[in-house]
Amino acid sequence: MLTRRSALSLPALGIAATCPIPATAASKELRYRLIEDPESLYSGQSVSLTVNTALNFLHDRLIYLDAQGRPQPWLAESWSFSEDSKQITFRLRSGTKFHDGTDFDAAAAKAHFDSILDPRLASPARGTIAPLESCDVVDPLTIRVNFSRPFAAALILFAAPTFGFNSPTAVQRAGRQYGRRPVGTGPYMFRSWSAGSEIVLVRNPRYRQLRADAVNKGAPFADQITLSVLPEEGVAFSALQTGELSAAELQTDTVERLSRDRRFAVVLDEKAKNLFFLEFSFRPPFDDRAMRDAISHAIDREAILRASYSGYGVVNLNPLSSGIPGYDPAIGASHGTPYDRAKAAALLDEAGWRPGANGIRAKDGREARFALRSYASPQTDRALAVIQSNLSALGIQVSVSTGDWGTFYPSLLREGWDMALNRWTYSDPQVMTNLFRPPGHRRNLPADAELTATLNAVESTLDPDTRDRHVKDAQRLLLERRLTVPILTSHNVTIIQAGLQNYKPDYLNWVIPGDVRMGDW
């Protein structure tokens, strides 16, 4: 999962680049918001959204995904699969250089995969690509990536900034400090990092753009990119109004205040890959299908969408983001649980959960008082309030608790909770396998041979048409078993200065950095 951690509070620390860059001020500068200080800029050693946002400027990848989500050549000119689908062989383009002037070749590509596999580095990316076993150099411009089993999500993962490549020479030279002085192959080069304040990147004058969908095939338009660390929403809002920021993702209630101002434009990614969902502990009474059915029909998804995201998104009855290939709304329509308070009440009555004198339902002497956990954010806080109100209206009382991600998520491996509100962002149907293949990501789901076989097929089937059938079967089975309560998919919303051109998110919501320019340049 791509998550944002709490902003670091560190003294300013200027860190100089390792490659020669002129120190003169840039005449063409773009300024973007980071909502927190990244923990590192070492590609492959983080999966955080903030880190990947910064890495997108510094690193190209083997492939990119076109508007339909199909892989296209980038640093790799071609690739092929072995007969057993456990190996992918990539032929690399010649002539690509790292920012330090060294060659990007098969040895450099192998070094990146080796760093993810190295237990001493404990790369969090390792968990996203668990079947990865090794990478071999076939010849100076060919690598072979080996998996323990067929892994259909590999190509989508390889298109993410996490799988951008680092200069092995720079990694060796900088040692533990490499994450503070990265060297990639991308359109911008690292200049400096003032911790807690800003990261400055400068134009790579030797850059050649190898993506077929890019507007600009040469060096980027902007001379300098400044990534300003602005955790506070009000500060980012003001910075956009004064022109100190060229673009920024904002909370959707703030977006409304700027969307009617001609000085700005709204960039909306309606192919977002996230899913907001409720899940169960599967301890009594949530091991009872009737209770899960009732809760599923009790949630007012439209109210959550309005409260949490100001309507920027779609209600989702499927256990898969609406922006991921294979999503089929017809399955949600036929097997999902739309908001129906009367039906939820009837299900509880039938299951023996009757309202007591105090209005709280009870069964066999146990009152319907349950614990609901989530991670802390303005969006989740508002969603929790709606859910708490929905369930209270049915005679179910829930105590709500939140914490930072590092506290909340591990707590779901322990007892003490009944329901959890979660949000997951992933670009492939593999996310259903990661989350819900028994025993599930929180190790609490009952054994289920049919579901396990279907989710295994989602993970391992490379033929697109056959895989699509498995993806649809998996959505149906998850809904039939009420393993989760899908709620919504929120859209990514960015406010940009009206004169900013070519600021267009691709399939994975990454903007092509070298394309972006102001209209008067």
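**Figure 1. Strand E5 pairs with strand E7 in this predicted model.** E5 and strand E7 (residues 142-147) run antiparallel and share five bridges; strands count as paired if DSSP finds at least two bridges between them. Strands (E, at least two residues) and helices (H or I, at least four) are DSSP runs numbered from the N terminus. Within this pairing, Gln87 stands opposite Asn146 in E7. This is a predicted model, in which local features need pLDDT of at least 70 and side-chain atom pairs count only at pLDDT 80 or more, while totals for chains, interfaces and linings use all residues. Residues are numbered from 1 along each chain as its sequence is written, and side-chain values use heavy atoms, with hydrogens and water left out.

Figure 2. Buried means under 20% relative accessible area, exposed over 50%, and partly exposed in between (1.4 Å probe, protein chains only). Strand E4 (residues 76-81) runs antiparallel to E5, joined by five bridges, and Phe81 stands opposite Ile88. The two strands form a hairpin with five residues between them, and Ser85 in the turn has a positive phi of about 65 degrees.

**Figure 3. Strand E10 is buried along its length.** Six of the six residues of E10 (residues 224-229) are buried, so the strand is largely enclosed by the rest of the structure. Look at either side: Gln224, Thr226 and Ser228 are buried on one, and Ile225, Leu227 and Val229 on the other. Strand E1 (residues 29-34) runs parallel to E10 with six bridges, and Leu34 has Val229 as its bridge partner. Strand E9 (residues 198-203) runs antiparallel to E10 with five bridges; here Val200 is partnered by Thr226.

Figure 4. The whole structure holds 25 aromatic pairs. Rings of Phe, Tyr and Trp (its six-membered ring) pair if their centres lie within 6.5 Å; planes under 30 degrees apart are stacked, over 60 edge-to-face, and the rest tilted. Phe113 and Phe158 make an edge-to-face pair, 5.4 Å centre to centre with 70 degrees between the planes. Phe113 is in helix H2 (residues 106-117) and Phe158 in helix H3 (residues 154-158), so this pair ties together parts 45 residues apart in sequence. Phe113 is buried, with a relative accessible area of 1%, and Phe158 is buried with a value of 1%. For Phe277 and Phe436, the centres are 6.0 Å apart and the planes at 75 degrees, so this pair is edge-to-face.

**Figure 5. Arginines sit over ring faces.** A charge sits over a ring if NZ of Lys or CZ of Arg is within 6 Å of the ring centre and within 35 degrees of the ring normal. Arg257 lies over the face of Phe237, 4.2 Å from the ring centre. Arg442 lies over the face of Tyr409, at 3.6 Å from the ring centre.
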